[in-house]
Amino acid sequence: MKLKDKNILLGITGSIAAYKAAILVRLLVKEGANIKVVMTKLAKEFITPLTMATLSKNPILVDFFDPENGQWNSHVDLGSWADLYLIAPATANTMGKMAHGIADNLLLTTYLSSKCPVMVAPAMDLDMYRHTANLKNIEILKSYGNIIIEPGTGELASGLSGKGRMEEPEMITQKVIDFFSVKKKLKNRRILVTAGPTYEPIDPVRFIGNYSSGKMGYALANELAEQGAEVILISGPTSLTINDSSIKKIDVQTADEMFDAAVKYFKNCDAAIMSAAVADYKPAQQYTQKVKRKSDKLAISLEPNKDIAAHLGKIKKKNQVIVGFALETNDEFKNAKQKINTKNLDFIVLNSLKDKGAGFGFNTNKISIIDKTGKVDHFDLKSKNQVAVDIVKKLISLL
Ligand code: CTP
């Protein structure tokens, strides 16, 4: 699914080609896009709202408000919801209004208030298409940054033949896919992410672990995939799931297993983000049978685990980037900077447990990013998904 979770607002105007919008919606939905449809009044004469609502799985929008219950259809909300506003078919009339800032229906007010990219697929008769007024309007729309999907040449509804046929839905879908994939900055990159806690067994039923939920690492994996990367997610035990085919998830339990998987995959990766809360110690000896309760004290001797980040830092090649995390309770910046050096990291993401809403288990996080030169960027408290966007942006700047 090449358009997974993309919000596409489809504007349909009154052209005979409106029937193709039904096929277009089906194709876009098949690629995983969320679709909302806004129609002009005339468009409803060419294709029924019921058809479009059923295919897009959303009620279609025509008026500024619903006359039945007075509910307001906010063009501002629609515009900010959309990642792309696709107007297909676009009549000469609608393009003329778009070019000159006329906003006498919901489709047009949404156009004027939307901040997302706009694609326009004209559809009209050949003489209308080649009229200087229309061609000038198209040039104006291009100058606004709108993307024009050139109409094809062929048989037209009027019986004439020439340029003006709306591009076929399959081609429009491909252009939408191409548009989003050009924006992806991590195409052809492979990135390793460690996430979650590790469990270090004491006996067959007990372990040493920590409170890491894995949410930050999973948010990173999703954002990397969103940017087009192939992701290797090495995850300790968590309750989280992944449903993106560009993320290969490798489940591990212990720090040793995480180490082996990380070393195996890092060779062929462009970068590694070490977000796992790896147990620093493991029981020196693992009991093969359940340890029984006794009345005297029980001491478990611990031995250090291998430092995965430090090992990758040692074997990393010049063009590979390693990002570490530091969860600190005191002397945060000093400790974090030290970890950049000891682990040979390119930058480190610091969370302080002193900050409310940061750290294990929360859906939010508050981070600072410190790079090799000592430069520090502070960020506000945000959802872990938004924090992932900030971290991935920084990573992209180094690749
Ligand atoms: N890390 C790792 N392997 C370990 C320990 C830590 O890969 N065995 C990584 C973490 O994923 C994180 C970074 O190293 O990206 C720092 O982890 P942290 O636990 O803060 O550092 P430690 O080196 O364990 O130092 P300390 O616990 O003493 O603060």
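Ser 74 is buried, since its relative accessible area is 15% and buried means under 20%, exposed over 50% and partly exposed in between, with a 1.4 Å probe and protein chains only. The model is predicted, so local features need pLDDT of at least 70 and side-chain atom pairs count only at pLDDT 80 or more, while totals for chains, interfaces and linings use all residues. Residues are numbered from 1 along each chain as its sequence is written, and side-chain values use heavy atoms, with hydrogens and water left out.

- Ser 74 is found in the loop that runs between helix H3 (49–56) and helix H4 (75–81); helices (H or I, at least four residues) and strands (E, at least two) are DSSP runs, numbered from the N terminus.
- The side chain of Ser 74 makes a polar contact with the backbone nitrogen of Asp 77 at 3.0 Å. Such a contact is a pair of N or O atoms within 3.5 Å; within protein, one must be able to donate a hydrogen and the other to accept it, and residues adjacent in sequence count only if both atoms are side-chain atoms.
- Leu 192 belongs to strand E8 (residues 190–195) and is buried, because its relative accessibility is 0%.
- Between Leu 192 and Gly 217 there are 25 residues in sequence and 10 Å in space, C-alpha to C-alpha.
- Ile 102 sits in the loop between helix H5 (92–100) and helix H6 (106–113), and it counts as partly exposed because its relative accessibility is 40%.
- Ile 102 and Asp 346 are separated by 244 residues in sequence and by 51 Å in space, C-alpha to C-alpha.

- One oxygen atom of the ligand lies 2.6 Å from a polar backbone atom of Met 274.
- For Ala 276, a polar backbone atom is 2.7 Å from an oxygen atom of the ligand.
- A nitrogen atom of the ligand is 3.0 Å from a backbone N or O atom of Ile 308.

**The shell around the ligand**

- There are 13 residues around the ligand, and Met 274, Ala 276, Phe 325, Lys 339 and Lys 343 come nearest; a residue is near a molecule if one of its heavy atoms lies within 4 Å of it.
- Helix H12 (308–315), strand E16 (321–328) and helix H13 (332–343) each give at least two residues to this shell.
- Strand E16 supplies the largest share, three residues.
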